[in-house]
Amino acid sequence: MEKANTRYFLQVAQTVPLMGAAPQIGDLYSPPPQINLPPNSSLTDSPYANSDPSYKCCTVNAIPATESLLKKSRLPLALVLAPYRTESETDQPVPVVTDSVIARCRRCRTYINPFVTFVEGGQRWKCNICFLLNDVPSAFDFDAQTQQPADRWKRAELNYSCVEFVAPTEYMVRPPQAPAFVFVLDVSYSAIQSGMLATAARTILDSIERIPNQENRTKIGIITVDSALHFYNLNPNLSEPQMLVVSDLEDVFVPSPADLLVNLTESKEILKSLLEKLPDMFKDSVNVNNALGTALQAAFKMVSTIGGKIICLQSTLPNVGTGALKPREDVKLLGTAKESTLLNAASPFYKSFAVDCSRSQVACDMLIFGGQYSDVATLSCLPRYTGGQTYFYPGFNASRTEDALKFAHEFSELLAEQIGLEAVIRIRASRGLRMSAFHGNFFIRSTDLLALPNVPRNQSYCVEVSLEDDLKGPTVCFQTALLHTTCFGERRIRVITLCLPVSNSMSEIYSSANQQAIIAYLATKGVERALTSKLDDARDAITNKVVDILGVYKAHVLGSAHGSTPQLTVPENFKLLPLLALSLMKHDALRQTSQIPTDLRSNAMNLLRTIPIQLLIPYLYPNFYSLHNMPPEAGEFSESGVVFPPALNLSAEKLEPHGCYMLETGQNIYIWVARGVVPQLCIDLFDVKSYESVRAGKVTLPVLDKPLNRKVNLLIGKIREMRRGNYYPQLYVIKEDGDPALRMWFLSHLVEDRTDNVLSYQQFLQHIKDRVSS
């Protein structure tokens, strides 16, 4: 009895009252609750035996033992994974098992991992997922290089949750193909006028050495498109590239069987020559048409036999040929129940074409440049079903250095990315658990096999899990296997294993929940609901989920009687869930407003669905810093890196009339300059004499020999490089009495305040509390 009491008091002691206090945003980036496995759950005491949450995490770090307990808890059960993330300098590199000894369970095909058990004197191993006994391969304890016996306990797959195996030939449908890239470049009037074509050609030229080509096998081809398709013969023996024009858009054909898709190393000089000439070739074009669909079909014909990547740079709405689209932005529908019709694809071509691509191991990336309506909702179908990525540049104009720099940086990083090719992902789990729904950029090939012609770095996937049977053991395991071909032509299997305890205790399950993973799940489900139903329903569903979770906590963990209580009490690990949920509802993807153009909303939805948790949190709840009164160490280097000023709560009450602030979302950086700012700050930061002379809008901060300017430039530089992903946040300076649209855009990020029709954080807590009490 005494024991039970202590446990109960422990649970109660970790509660946090929320009403009437500002949210403790210092804990936004705290690690998720610890995974408390029973002793000796893993074979070795390696600190890397269980999965790092940045590769794979679960919404709860203790799994309910029965379906009825899971239902009663109202907590979502889902995995959030980014299996192919980049490694930072501080990361432990993923160990590679090169000796082609791959021990797998005969029945369920699980890979040997730190959570199996050896029996019969180490001759056999017991699978931790289906419990079958398997023979240990004879070569498991032998080092083929030294031809000596080896220490089994030092093998990477028994010490690390994330390992890569070099796959033998039986893991290949065909030998690894050469990486292939086909660029489909829009050369219509707007692509020329905005400078998109010139910047794109220059970036490919500058990045040619960065394109993965370790074995000199990479192939490359270029198609330019307006109302006709232009192919380029890049035979290295020609003195200059030859253009071949196909103007028949009905029955697309490739005008030459060879030399359109060429070896990058052999044809590098002629390719450079083409890239230098491209902008001039079309500089006088007044063609306002674009046949993207037909160009895609042609690009597909070029690469479909070997697979590869089609990279589209699109400036004009495709308006002729296959997949032609019409401008459909309807301002009257924005902010109404019918808005979701604009957020769904307008033409079935882009999805059906993407499915064909997926079958032939062809991925598509879309870079969309919006001078006017671009139909991001339709064009982003291509990356969604082929494992690609969508980038959107609204109002792009290369004559603005800031626009050219952002696009060139992101495009160059995209070209240099060490992608995985011809990939499939399968997730196995302990008996009683089943993967029931999958969200992310891929095509579901069979019930549980995700097909990705291309695995980009740092893309996130969300997988819902259901309980089919009561869980009998003390732990469960989830194992993700990503079979892929590396850029350098090696077939590999990346295996990531996560082991979690099973619990019968509601309070234990609640104190193990991971609020960041839950919000990633809610973001994915919210976007899905907005597209299949309406935006209102998505916001309601998020509120209802928070009410459900906190209601169960009040009734079943705290044991409070029904009826009103003066406080809304949550467990320590949930203290930011209401804040993140409110931020999600106020986000551009889901916000109740008629002011967000469809393209911007579609792009925000794409980002919510695909960015890893590390980028998602600031995208929902931006970091907000005061610059005019930074502590002396802020903006300087220290042993642990660049020191940031203390983060502020996102509320207008933090804005002082003489202040200067920075807010960053991972996608954009804003500097807010208040009307009463002192002239000295204008001199020290912007090199102008007064507030009136500060230039607002998209800017590049000057580089001055002044401490404040140096510190702010260092902070901006750090923000641009500190997170996983290719994104390059742009800088906007916003003046308190400047452009009303910019001002509103900045203030919309202050999510703790009330806006026209959406509650403030404290009102939202009151609303949740009233509903929990009722």
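Analyst: Two strands are said to pair if DSSP finds at least two bridges between them. Strands themselves are DSSP runs (E, at least two residues), as helices are (H or I, at least four), and both are numbered from the N terminus. In this predicted model, local features need pLDDT of at least 70 and side-chain atom pairs count only at pLDDT 80 or more, while totals for chains, interfaces and linings use all residues. Residues are numbered from 1 along each chain as its sequence is written, and side-chain values use heavy atoms, with hydrogens and water left out.

User: Over how many bridges do β4 and strand β24 pair?

Analyst: In general, strands of a sheet pair through backbone hydrogen bonds, either parallel or antiparallel. Here β4 and β24 (residues 461-467) pair in the antiparallel sense over four bridges. L79 has V463 as its bridge partner in β24. Strand β2 (residues 56-58) also runs antiparallel to β4, joined to it by three bridges, and C58 stands opposite L79 in β4.

User: What is the order of the open sheet of four strands?

Analyst: The order is β2-β4-β24-β21, with antiparallel pairing. The edges are held by β2 and β21 (433-439); each has a single partner strand, so one side of each is left without a neighbour in the sheet. On average, neighbouring strands of this sheet are turned by 25° against each other, direction ignored. Such angles come from axes, which are lines fitted to C-alpha atoms, for helices over the stretch in contact; they run from 0 to 180 degrees between N-to-C directions.

User: Which way do the residues of strand β4 point, and are they buried or exposed?

Analyst: Buried means under 20% relative accessible area, exposed means over 50%, and partly exposed lies in between (1.4 Å probe, protein chains only). In β4 (residues 78-81), A78 and V80 point one way and L79 and L81 the other, and all are buried.

User: Which helix lies across β2, β4, β21 and β24?

Analyst: That helix is α14, which runs at about 100° to β24. K525 lies in α14 (residues 515-532) and counts as partly exposed, at 25% relative accessibility. Contact means heavy atoms within 4.5 Å. Not counting residues up to four places away in sequence, K525 touches H439 and E464. K525 and H439 are 86 residues apart along the chain, yet their C-alpha atoms are separated by 8.6 Å. A polar contact is a pair of N or O atoms within 3.5 Å; within protein, one must be able to donate a hydrogen and the other to accept it, and residues adjacent in sequence count only if both atoms are side-chain atoms. One of 3.0 Å joins the side chains of K525 and E464.

User: Which residues of the largest nonpolar core touch the most other members?

Analyst: A nonpolar core is a set of buried Ala, Val, Leu, Ile, Met, Phe, Trp, Tyr and Cys residues joined through side-chain atoms within 4.5 Å. The largest has 152 residues, of which I63, F183, L313, L367, F411 and F478 touch the most other members. Apart from it lies another core, of 42 residues, among them V303, C312, L317 and C364. Leaving aside neighbours within four places in sequence, the contacts of I63 include C58, L77, L467 and F478.

User: Why is helix α18 described as largely enclosed by the rest of the structure?

Analyst: Seven of the eight residues of α18 (residues 613-620) are buried, so the helix is largely enclosed by the rest of the structure. The buried ones are I613, L615, L616, I617, P618, Y619 and L620.

User: Where does S626 lie, and which side chains does it join in polar contacts?

Analyst: S626 lies in strand β28 (residues 623-626) and counts as buried, at 10% relative accessibility. Its side chain makes a polar contact of 3.4 Å with that of H628 and one of 2.3 Å with that of N629. Beyond residues up to four places away in sequence, S626 touches P645, L648, C660 and Y661.

User: What is the mean pLDDT of the chain?

Analyst: The pLDDT is the predictor's confidence in each residue, from 0 to 100. Its mean over the chain is 94, and 98% of the residues reach 70 or more. Over residues 1-13 the pLDDT is below 50, and this stretch has seven contacts in the model beyond near neighbours in sequence.
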